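Let's walk through this structure together. Please take a look at it first.

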Amino acid sequence: MQFQDLAMVYEELEKTASRLEMTSILATLFKQADCKTLHRMIYLTQGQLYPDFYPQKLGMADRLLLKTLSMSSGMKDDDIQELWLKEGDPGIVAQKVFAVKKQRTLFSEALTLDRVYENLEKIAGSEGSGSQDVKMKLLAEILNDASAEEAKFISRMVTGHMRLGVAAMTVVDALALAFASKEDRDAIERAFNISSDLGKVGETLCRNGIDAIRQMQVEVGSPMRAMLAERLPSPQEILVRMGGKAAFEYKYDGVRVQAHIRDGKIQLFSRRLEDLTEQFPDVVKALKASFRMKSAIVEGECVPVDLNTGELLPFQEVSHRRGRKHGLQDAIEDYPVRVFLFDCVYLDGKDMTQMPYPERRKALESAFEKTEEARFSEMRIYDNVDGVEEFFKEALKDGCEGLMAKSVDENSFYRAGSRGFLWIKYKKEYRSEMTDTVDLVVVGAYAGRGRRAGNYGALLMATYNDQEDVFETVCKLGSGFDDATLAALPQKLEAHKLKEKHPKVVSKMEADYWFEPSMVLEVLGAEITVSPIHTTAYGLVRKDSGLAVRFPRFTGRFRDDKEPREATTSKELEQMYSKQLKKVES
Ligand code: ATP
């Protein structure tokens, strides 16, 4: 496929925020693709070269791109720099530079998708001394033959700023439309959820059809998207929802890990599918020592522990380890962790995602020997409220957040990537009326005044509307920041700054600064109210109104383990509002 054709499709995608329209544009594109290169097309459309969980990423420094643009176009460095300051978008700068560039020469060779992809791949893979020159040379090779539109998207890709706003689920819809039918969509989504690899799903579907998709299984080395829990405010409601009986487990407050084990080798993935193996060598060691079989995929929560008292410590202690390369050994000694295993989705060649939870738990317990460092989550089965309340108190006493109820029904399968009522969380916050936290996305900011002059005074926060794939504003957040956090915010947000509101943000309010939805903060509100100025759940509770979180406070916890699309959804906020209302009424 010619890269120019792909660039024209990207131009079209960029013009629309409608999920339906994006789906139809992508389906037309996929249908024309060669099965052999479809995976490359899918990754590039999402601004990637590989699935999310691959460590290698594109992200060439902007200044290297600008230098290469100057080399390839003959335009002076200073002029390009000036354009960069004005536009702030590597794509637009490249497009403008190339629009005035000399015509392609007789010797230029049209760019194919494969040629662009292969050079980008080499750029991402070059490391070490001299790699900057190598990267620039590889980039120049393709830019020399690029049109203005091609240069625009190559420049965005190579710097990691592709941002077409195509959600993974839109690609799933488009694959169904292109190669299967509406009824097959869920099977395609499942294949993505268990493999986290849209390229692989696309290629399998294109080459071997929907039956091959239905037969896809979890694989060691390919992380699944995590199964998530719904929430309910009381054991009564949980038991009713679970059909009178359920398994209850301690809800540990730590870091979720997915361990992939084969022939003595262990790889750990986070909930966001990052490779955590190097950050938790002690967990790898503990699992190795207690595993009795050949291969498995299991899940557990890593929790910091005080070695002197044996008590579990708050999550914040383990967050010191994340992203840490230097002094890791000190961090391991200062913040040792225990892993509490709670699920097993694959064991010695058998995919267990379609088996009920009690069988998976049994398999888990047979596959590991309980040790000091690697344990199983505390679990009991209850069919009465009093028992659950007692167990809940024990969980709090032992330093946990509350309980996770898990269905023991015959259909209690592992639903990768989905939030449903097969797992229900019951946390201490639900007991007092409006102290439950929500995870909100930063979409804008307001200039500070007085003591905050020169900094942000408040952030504009949003929930995620997963039906429409947009972010809806819900409050202005200015409390709960200490001075150091506040001072660090502009730098933290700089990479996500935009000239105008992001097309996926729905806001009735103006902001002084706009951001690409990316940073997720945990926020505690006093209550949820109807609000005509915010757009969360707009028109659902009352005509011409949305919902707002009142008196929001930052809890101090950056949810960098969550993607913006994993933030609290608008629907969840609406449910929290309705629950709160019922309580007030009663
Ligand atoms: P929260 O914000 O309430 O911590 P969340 O939005 O991060 O939750 P949820 O799906 O709502 O994610 O809650 C499930 C999380 O609880 C899991 O991702 C996991 O990290 C953690 N957890 C702790 N103990 C357990 C357990 N026994 N079983 C399953 N998950 C557990």
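The dialogue below turns to the ligand and then to one helix.

Q: What should I know before reading the values?
A: This is a predicted model, where local features need pLDDT of at least 70, side-chain atom pairs count only at pLDDT 80 or more, and totals for chains, interfaces and linings use all residues. Residues are numbered from 1 along each chain as its sequence is written, and side-chain values use heavy atoms, with hydrogens and water left out.

Q: How many residues surround the ligand?
A: A residue is near a molecule if one of its heavy atoms lies within 4 Å of it. Here 19 residues surround the ligand, and Glu249, Arg256, Glu301, Lys425 and Lys427 are the closest. By class, 12 are charged (Asp, Glu, Lys or Arg), seven are nonpolar (Ala, Val, Leu, Ile, Met, Phe, Trp, Tyr, Cys or Pro), and none is polar (the others, Gly among them).

Q: Which strand gives the most to the shell around the ligand?
A: Strands are DSSP runs of E with at least two residues, numbered from the N terminus. E11 gives the most, with four residues.

Q: Where is the side chain of Lys251 relative to the ligand?
A: An N or O atom in the side chain of Lys251 is 3.1 Å from an oxygen atom of the ligand.

Q: Why is helix H9 described as largely enclosed?
A: Buried means under 20% relative accessible area (1.4 Å probe, protein chains only). Helices are DSSP runs of H or I with at least four residues. In H9, 11 of the 12 residues are buried, so the helix is largely enclosed by the rest of the structure. Among them are Phe153, Ile154 and Met157.

Notes:
A polar contact is a pair of N or O atoms within 3.5 Å; within protein, one must be able to donate a hydrogen and the other to accept it, and residues adjacent in sequence count only if both atoms are side-chain atoms. Buried means under 20% relative accessible area, exposed over 50%, partly exposed in between (1.4 Å probe, protein chains only).
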